[in-house]
Amino acid sequence: MADDVNCREASRLLSLGFDRRLSATELEALAWHMERCRMCRDFESQLRFIHQAAERFRSGD
Amino acid sequence: MTHPRFAEIESHRPYLLRYALSQLRDGELAEEAVQEALLAALESVGTFAGKSSLRTWLTSILRYKVVDLQRRAGAERSRFEREDAPDYDDEAWLDELFDETGHWRQAPGAWGDPEAALEQSRFWQAFEGCLARLPSTASRVFFKREVLGEETDAICRDEGISASNCWVILHRARLGLRACLEKSWFERQAPVGR
């Protein structure tokens with residue numbers, strides 16, 4: 001199952017990683033996919049940006 | 001004990017009350033929403049570094065208090081339930097973003113140098129607009145989680161939903177925000193470089 005992560009599942013795990021600690025299996029599956037998928041790497045940096053923007057939004061900057 | 005920024009925050013009360021009244025149409029509820037928003041603001045104002053947008057920040061906190069109160073009071077209950085129902089089953093919605101094999105139907109676009117956007121006030125209007133355009137539960141849960149930094153456990157408890165529903169909603173909110181920001185902001189920026 002570790003090899004079966006597609007973009008849809010990867011996007012779910014990437015989001016989940018902001019809300020709880022991912023298991024070793026989840027991390028491994030995600031890493032496998034991320035290494036091979038440019039689109040999901042772009043998506044990941046965009047999620048990080050949104051996270052950063054939300055923090056700035058709170059601080060009212 | 002008076003908070004050092006108490007007066008500054010208090011000075012926005014009349015405006016906030018007008019806003020709450022326009023949303024709740026009930027003086028008592030509006031007072032309550034403003035009171036709760038101001039208390040929440042005083043608690044986290046230490047992290048507030050902005051100058052010009054204190055009112056915007058206060059309004060965004062108030063907006064979520066208003067929605068909470070509407071929910072608690074059961075006002076417009078049926079409307080909210082209808083609107084919120086799809087949040088719990090986002091499979092169909094995900095099908096719009098991913099094909100049968102689980103690949104992106106449309107690749108996430110190039111955002112150039114997104115950090116630069118943080119310095120532009122128009123970006124924050126786009127950000128707020130995108131937050132507001134999410135389904136109401138998704139918007140509220142995302143706001144609590146990412147903007148207010150609340151723990152997922154506490155959010156689930158308040159919302160009366162399971163942790164896995166919470167995660168599903170947050171996933172949806174992030175995908176929705178991402179798509180909306182891309183459309184309403186990043187695609188409209190001039191190409192990087194000259």
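A polar contact is taken here as a pair of N or O atoms within 3.5 Å, where within protein one atom must be able to donate a hydrogen and the other to accept it, and where residues adjacent in sequence count only if both atoms are side-chain atoms. The structure is a predicted model, in which local features need pLDDT of at least 70 and side-chain atom pairs count only at pLDDT 80 or more, whereas totals for chains, interfaces and linings use all residues. Residues are numbered from 1 along each chain as its sequence is written, chains are lettered from A and ligands numbered from 1 in the order in which they are written, and side-chain values use heavy atoms, with hydrogens and water left out.

Helices (H or I, at least four residues) and strands (E, at least two) are DSSP runs, numbered from the N terminus. Helix α3(B) has 18 residues, 27–44, and its end C-alpha atoms are 26 Å apart, which agrees with the 26 Å it should span at 1.5 Å a residue; the expected span is 1.5 Å times one less than the number of residues. Its buried residues are L29(B), A30(B), A33(B), V34(B), A37(B), L38(B), A41(B) and L42(B), where buried means under 20% relative accessible area, exposed over 50%, and partly exposed in between (1.4 Å probe, protein chains only). What covers these residues includes α1 (6–10), α2 (13–24) and α4 (54–72) of chain B.

In the loop between α1 and α2 of chain B stands H12(B), which is buried with a relative accessible area of 14%. Leaving out residues up to four places away in sequence, H12(B) touches L54(B), R55(B) and L58(B), contact meaning heavy atoms within 4.5 Å.

In soluble globular proteins, nonpolar side chains tend to be buried together. A nonpolar core is defined here as a set of buried Ala, Val, Leu, Ile, Met, Phe, Trp, Tyr and Cys residues joined through side-chain atoms within 4.5 Å. The largest such core has 33 residues, of which F49(A), F123(B), F127(B), L131(B) and L181(B) touch the most other members. The elements giving two or more residues to this core are α3 (38–59) of chain A and, from chain B, α7 (121–133), α8 (136–147), α9 (152–159) and α10 (163–184), with α10(B) giving the most, seven residues. Apart from its neighbours within four places in sequence, L131(B) is in contact with F57(A), Y64(B), S139(B), F142(B), F143(B) and L177(B). A second, separate core of 22 residues includes L29(B), A30(B), L42(B) and W57(B).

Between the two chains, 47 residues of chain B are in contact with 29 residues of chain A. Together they bury about 3400 Å², 62% of it on carbon and sulfur atoms, buried area being the accessible area (1.4 Å probe) that two parts lose on being put together, summed over both. There are 15 residue pairs in polar contact between chain B and chain A, both residues being at pLDDT 80 or more. On the side of chain B that touches chain A, α4, α6 (91–97), α7, α8 and α10 each supply at least two residues, and the largest share, nine residues, comes from α10(B).

The side chains of S15(A) and R174(B) are joined by a polar contact of 2.7 Å. In helix α10 of chain B lies W167(B), which counts as partly exposed at 22% relative accessibility; beyond residues up to four places away in sequence, W167(B) touches L16(A), D19(A), R20(A) and T152(B).

A salt bridge is a side-chain nitrogen of Lys or Arg within 4 Å of a carboxyl oxygen of Asp or Glu, and the rule finds four of them across the interface of chain B and chain A. In one, D19(A) pairs with R145(B), the closest N and O atoms being 2.9 Å apart. The side chains of R56(A) and E119(B) also meet in a salt bridge (3.2 Å, N to O); R56(A) lies in helix α3 of chain A and E119(B) in the loop between α6 and α7 of chain B, so the pair joins two chains. E119(B) is exposed, with a relative accessible area of 59%. Within chain B, R178(B) forms a salt bridge with E182(B), their closest N and O atoms being 2.6 Å apart, and both residues are buried. Salt bridges that share partners join D19(A), R145(B), E146(B) and R174(B) into one network.
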